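Hi there,

Here is the structure I promised to pass along. Have a look at it first, and my notes on what turned up follow below.

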Amino acid sequence: MIIKNLGLIDFNEAYALQEQLVAGVAAGTEDETLLLLEHPPVYTIGSGGFVGNILDPSISAVRINRGGDVTYHGPGQLVGYPIINLARRGRDLHRYLRFLEELIIRITADFGVAAQRVSGRTGVWTGSPPALAKLASIGVGVRRWVTMHGFGLNVTTDLSKFSRINPCGFIDCPVTSMFVERAGVGSLDEIRECVALRFEMLLDDLLPSDSGDIIKTRR
Amino acid sequence: MPTEITMPKLSDTMTEGRLISWKKSVGEKVERGDILAEVETDKANMELESFSSGILLETRVKPGDMAVVGTVIAIVGEAGDAAPAPEKKTVLPPAGAENEQLPPAEQVRKGEESGMSEGLSKTERPQPEPVTGAMDKEEFPEPEKTTGEPVGSAPAEAEKASPMVRRLAREQGIDLMLVKGSGPDGRILQEDLEKQVKVEVKVEEKASEPEQSISGVQGAEQPLSRMRTAIARTVSRAWQEIPHFTVTFAIDMSEAEEVRRELKESGKPLSINDLIIKAATSALVEFPQLNNSFAGDRIAVNSDINIGQAVGLEDGLVVPVIRGCQGLSLKEIAARSRELISRAKEGKISEAELGGGTFTISNLGMFGVEEFMAVIQPPQGAILAVGAIMDEAVVQNGSIAAARIMRVTLSADHRLIDGAYAARFLQELKRVLENPVTMLM
């Protein structure tokens, strides 16, 4: 498995790279890859998402082939795009979503931020009902059982940007960040390192590969 | 031999999936490996591949609809193949079964609709946002699916709901016995709960009024389409929040019509609306406050003049926006406007083209409307309602003359704009339209 840190990269550029990797992974010519990055400010909306969730008409959103509704990406948010071949890992989209949640919950716990799942609302949340706040959003697209898109974990994200949308389609959905939850917990670089270290092991634990290839390419 | 395409099981815990969009239209050739559709479960979307080649003969689920895993959602076969007899109870919304026996004309219509899936990516689902206000992602059945049954007619089915729906119902204090399920065998879906919440709110609001005001005289109901829902929310919000005032002006359009005729004859097609957009742009440059937004504790200043035009559709309207009007010539405005309107009517407009408006023009002149007032689209500061150009007798220099008069009514947000300012804006608009040559420079 390959883990790449792309730094700050334009949404469309990263999108093109993902598409290329998805084709390669599906064809067996590329290793599974995790892209870690930040985007310049951009709003994206899932294919089934509702334009009406963009409250401010002066902003435009990129419609993309992932699940979920509208969200914001911008500096200070750690974005992870895993390109994973689920054909070899049990072909179960819900399990894959739960894996992403588990990964983020464990990472944030490492930095002293307690987060959790909320049933029926994919993503990672802090607090307890009804005072939930969304710490990370998740939206996945799958082509030939190879995944693209993934998660966005707010580290020091400018949260005011979320006030112009109904994040993920929920009205008045509060959004939070690692920084808000616990100032000075760790830099985005440290958190990214932690994701890079943990990702593959947890993936193999929760979604074991039924092919030897993964073992072979592991470094 | 026709092949049935079914809603795939994308997870052990997936019971139903939502058809997001068709990537092929009925009658289109499909190769093995082509992407037929996009389906969604939870926050994950899967591109559905075809495992056989042939022609897409039929689609049985509309974009936005849920379908149970294993349900036949489409048929791929050879041109001569008759689509096999459709199964019953396959599609979740109530009209599913009726839809499957559509008359041929309807089938064609359906095909055309799915064909649009590229542009806006889907016709049914993200219906082009008619308006720009807040809205969540609830789904509403199409109006033609009206069953006429009053809510609460199926108490026996009340237990047919998923654990998640039951939990949501508990949380929201909804009695499932009162909810009419729109799923197969009356299964209660999440959207039914959302509808029920609305019904309950409506009942509370109207409690003091005669009963018939809730459901009409015959007790029939028509569910709201997505577009109607969106319009309803935006105009309610606008009407409740924005203190509207209106100012009307009569403008002599004789010269503007003359300019239009001349340009048309020289092969430069132009509509009266294009002239109004251009004139409004120059007036907005002079009176920029009308291009701004009231934002609670401050005024949001919009540096670009982005003018939206209301385009009427069968069930509602959309407002495609021409951006950066201050930098566009009349010719450019005309070209952009023509393109946007035709795509809006075909349902192919993208959301980027519907958003970002800073001022709106609504023209009902083609219906012979003399004058009317329009509701402001939040967060905009004003909207111009344009009536028909009519032959009127006017007094000019002491004698009666024939003139081509058009009345325009500006609705403005009084929190942002005062009457005198609005009047001066209209004076400028009138000046430009009555001296249209200035627009050609």
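To begin with chain B: among its contacts between residues at least 6 apart in sequence, 66% join residues at least 24 apart. Please keep in mind that this is a predicted model. Chain B holds twelve helices and 18 strands, and 43% of its 441 residues count as buried.

One is an open sheet of six strands with mixed pairing, in the order E9-E18-E17-E16-E12-E15. Its edge strands are E9 (244-252) and E15 (321-322) of chain B, each of which pairs on one side only. Within this sheet, strand E12 (residues 307-309) and strand E16 (residues 359-363) of chain B are parallel and share three bridges, with B:Ile307 standing opposite B:Phe359. Helix H8 (residues 272-286) of chain B packs on the sheet, where it touches E12, E15, E16 and strand E17 (382-396). The direction of H8 makes about 150° with that of E16(B). Helix H11 (residues 419-434) of chain B packs on the sheet as well, touching E9 and strand E18 (399-413), and its direction makes about 25° with that of E9(B).

The other is an open sheet of four strands, ordered E1-E8-E6-E3 in chain B, with antiparallel pairing. Here the edges are strand E1 (3-6) and strand E3 (29-30) of chain B, each pairing on one side only. Two bridges link E3(B) to strand E6 (residues 54-59) of chain B in the antiparallel sense, and B:Val30 has B:Gly54 as its bridge partner in E6(B).

Seven of its seven residues are buried, so E6(A) is largely enclosed by the rest of the structure. In a regular strand, side chains alternate between the two faces of the sheet. In E6(A), A:Gln77, A:Val79, A:Tyr81 and A:Ile83 point one way, while A:Leu78, A:Gly80 and A:Pro82 point the other way, and all are buried. E6(A) has antiparallel pairings with two strands that I looked at. With strand E2 (residues 33-38) of chain A there are five bridges, and A:Leu36 stands opposite A:Gly80. With strand E10 (residues 146-154) of chain A there are four bridges, and A:Gln77 has A:Asn154 as its partner in E10(A).

Helix H2(A) is also worth a look. H2(A) has 18 residues and spans 26 Å from its first C-alpha to its last, close to the 26 Å expected at 1.5 Å a residue. Its buried residues include A:Leu93, A:Tyr96, A:Phe99, A:Glu101 and A:Ile107. Just after H2(A), A:Gly112 takes a positive phi of about 80°.

Finally, where do the two chains meet? The contact takes 37 residues from chain A and 34 residues from chain B. On the chain A side, strand E4 (61-64), helix H2 (93-110) and strand E9 (133-143) each supply at least two residues, and E9(A) gives the most, with six residues. That side of chain A divides into 13 nonpolar, 17 polar and seven charged residues. E9(A) also runs parallel to strand E5 (residues 44-49) of chain B, joined by four bridges; there, A:Gly141 stands opposite B:Asn45.

Best wishes, and enjoy exploring!

Methods:
Residues are numbered from 1 along each chain as its sequence is written. Chains are lettered from A and ligands numbered from 1 in the order in which they are written. This is a predicted model: local features need pLDDT of at least 70, side-chain atom pairs count only at pLDDT 80 or more; totals for chains, interfaces and linings use all residues. Two residues are in contact if their C-beta atoms, placed from the backbone, lie within 7 Å. Ala, Val, Leu, Ile, Met, Phe, Trp, Tyr, Cys and Pro count as nonpolar, Asp, Glu, Lys and Arg as charged, and the others, Gly among them, as polar. Two strands pair if DSSP finds at least two bridges between them. A residue is buried if 20 or more other C-beta atoms lie within 10 Å of its own, exposed if 12 or fewer, and partly exposed in between; C-beta atoms are placed from the backbone. The expected span of a helix is 1.5 Å times one less than its number of residues. Axes are lines fitted to C-alpha atoms, for helices over the stretch in contact, and angles run from 0 to 180 degrees between N-to-C directions.
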